[in-house]
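User: I would like to learn how to read helices, sheets and salt bridges from a model, taking each general idea before the case in hand.

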Amino acid sequence: VRAGGEVELSCKELVLEPLAPSPHVELLLAMPRPKVMMRLWSVLAQLGLRRIVLTNAWRVEKAYFSSHSTEPKRYIPELLEGLEQAVCTSLPEVRIEMRLKPFIEDQVDVLFPKDRYLRLFCHPGAGLRLRDAVTAGQKPPQAVVLAVGPEGGWVDYEVQLFREHGFVQVSLGRRIL
């Protein structure tokens, strides 16, 4: 403390440690209601997702895709706000896939190759606990893609489609979120 009440601080050595690498997690999300999606953009960026794929499903209203929530000029500011909150600079890639079946059949193996990605889909009912699915292998997965369904969950056909393409069903419990 100096004369006049001034305070002087000094730092002899400042050691900054690198941040731990963020987990490589990607999300395949059945499009929620547009108002909900606008609230989700920031949160999804805060989670550190590398890629967000919005898709259609049997229980998704097609009109949701023509809403403002899928326009880059509307969602990029929300993503940036989330990145600011998380002190992160990696903007997630956003893809919008209007048709689930062709996306799963034609694009999943390209975007999420089985040798690198653990493929999971959330669905109420029987399924592994999320933690158990991630730790089940001999070594930790390089990356994870998590498919989250619409309100009411995936229909039986979609569940079967995910299983046929190497997705493992996981559950967060009996409650429907």
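Analyst: We shall go through a helix, the sheet, a loop residue and the salt bridges in turn. This is a predicted model, in which local features need pLDDT of at least 70 and side-chain atom pairs count only at pLDDT 80 or more, while totals for chains, interfaces and linings use all residues. Residues are numbered from 1 along each chain as its sequence is written, and side-chain values use heavy atoms, with hydrogens and water left out.

User: Where is the kink in α1 centred?

Analyst: A bend at a residue is the angle between axes fitted to the seven residues ending there and the seven starting there. In α1 the kink is about 35 degrees and is centred on L40. After the helix comes G48, whose phi is positive, near 85 degrees.

User: Which residues of α1 are buried, and what do they pack against?

Analyst: An α-helix has 3.6 residues a turn, so residues three or four places apart point the same way. Buried means under 20% relative accessible area, exposed over 50%, and partly exposed in between, with a 1.4 Å probe and protein chains only. In α1 the buried residues are P34, M37, M38, W41, S42, L44 and A45. Taking contact as heavy atoms within 4.5 Å, these buried residues pack against β1 (25-30), β2 (51-55), α2 (72-86) and β3 (93-97).

User: In what order do the seven strands of the sheet run?

Analyst: Strands of a sheet pair through backbone hydrogen bonds, either parallel or antiparallel; two strands are counted as paired if DSSP finds at least two bridges between them. Here the sheet is open, with parallel pairing and the order β3-β2-β1-β6-β4-β7-β5. Because β3 and β5 (128-129) stand at the edges with a single partner strand each, one side of each is left without a neighbour in the sheet. As an example of pairing, β4 (residues 117-122) and β7 (residues 168-171) are parallel over three bridges, and F121 stands opposite Q169 in β7.

User: Is R99 buried or exposed?

Analyst: R99, in the loop between β3 and α3 (100-106), is exposed, since its relative accessible area is 59%. Although R99 and N56 are 43 residues apart in sequence, their C-alpha atoms are 5.6 Å apart in space.

User: How many salt bridges does a search of the whole structure find?

Analyst: A salt bridge is a side-chain nitrogen of Lys or Arg within 4 Å of a carboxyl oxygen of Asp or Glu, and the search finds seven. One of them joins E93 and R51 at 3.1 Å, N to O, linking distant parts of the chain, with E93 in strand β3 and R51 in strand β2, 42 residues apart. E93 counts as partly exposed at 36% relative accessibility, whereas R51 counts as buried at 13%. E26, R51 and E93 are linked in a network of salt bridges.

User: What is the separation of E105 and K101 within helix α3?

Analyst: They lie four residues apart, about one turn of the helix, and the closest N and O atoms of their salt bridge are 3.9 Å apart.

How values were computed
Helix = DSSP H or I, 4+ residues; strand = E, 2+ residues; numbered from the N terminus.
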